[in-house]
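Open the model in your viewer and keep the sequence panel beside it. The stops below go from one selection to the next.

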Amino acid sequence: MFHHRQHHHKHDKILAIVPAYNEEEGIEQVIASLQTYAPYADILVINDGSTDNTGLLAENAGATVLHLCSNLGIGGAVQTGYRYAVENGYDYAVQIDGDGQHNPADLDKLLCCMRENGADMVVGSRFIEKEGFQSTFARKLGIDLLGSLVTRLTGKRMTDPTSGYRLCNRRAIALFAQQYPADYPEVEALVLLDNYQLTFQETPVVMKERQGGVSSISPLQSIYYMCKVILAILMMKTRKKKAWEMSHET
């Protein structure tokens, strides 16, 4: 039986970063699930300028909440979380979506993978074992295209490049606190890591359909999304590789 405390040291500081914009339908359940399945992690909700009760509900549920004055979007919200992690000396930070798609019970798998393989970031992929919610046909085509492109550009196999379920160590936390893509950041962040010679690896997870709220990407925005992301990662790939040093964080 897999024990959820098995793969982290009791002295490790672990932060769960939950970016949330108008997620009042599901945020309490996300926090309750984290408290149940990852009780060793501190919970930080980035209330990204919500116009509903997301922030209040998160506070009442026991999370630390940073209230952003305006909606920065997913990139700005997540980067705020990484800056908080640096300032408060966390060893690991994991991104968990505020809509209930990610199962906190899988966090131990991500920690285990990072410990065993030494990767700077571990990404939870729903497409390795193909269990749980698998996305729509059209989106899967787009994800496959982006995954192939990232694999070709970085030399590392990537099946689920848009997954927001990611665990970072101190090196990756420090980099993302300094630099993080603003719009649709997940794919671009992989190439950013590679540019600084940091490593990433996938591990299988089971995802659910979002439990409430509205996706940040509507079907009409999908073509724009694909063009923007492909252009962004190609441009980022042209930048010269250089080693990331922890001293950059200060």
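Start by selecting Y82, F176 and Y180, which ring pairs link into a cluster. Rings of Phe, Tyr and Trp (its six-membered ring) pair if their centres lie within 6.5 Å; planes under 30 degrees apart count as stacked, over 60 as edge-to-face and the rest as tilted. This is a predicted model, in which local features need pLDDT of at least 70, side-chain atom pairs count only at pLDDT 80 or more, and totals for chains, interfaces and linings use all residues. Residues are numbered from 1 along each chain as its sequence is written, and side-chain values use heavy atoms, with hydrogens and water left out.

By the ring rule there are six aromatic pairs. Y82 and F176 make a tilted one, with 5.4 Å from centre to centre and 55 degrees between the planes. Y82 is in helix α3 and F176 in helix α6, 94 residues apart; helices (H or I, at least four residues) and strands (E, at least two) are DSSP runs, numbered from the N terminus. Y82 is buried, at 0% relative accessible area, and F176 is buried at 0% too. Buried means under 20% relative accessible area, exposed over 50%, partly exposed in between (1.4 Å probe, protein chains only).

Y82 also forms a tilted pair with Y180, at 6.0 Å between centres and 50 degrees between planes. Y180 lies in the loop between α6 and α7, 98 residues from Y82, and is buried at 11%.

Select L193. Leaving aside neighbours within four places in sequence, L193 is in contact (heavy atoms within 4.5 Å) with M121, A172, L175, F176, L198, T199 and F200.

Now show the strands. Seven of them form an open, mixed sheet in the order β3-β2-β1-β4-β6-β5-β7, where strands pair if DSSP finds at least two bridges between them. The edge strands are β3 (64-67) and β7 (200-204). Five bridges join β5 (residues 121-125) to β7, and the two run parallel; M121 has F200 as its bridge partner in β7.

Finish at F200, where the charged end of K156 sits over the ring, 5.5 Å from its centre. The rule is NZ of Lys or CZ of Arg within 6 Å of the ring centre and within 35 degrees of the ring normal.
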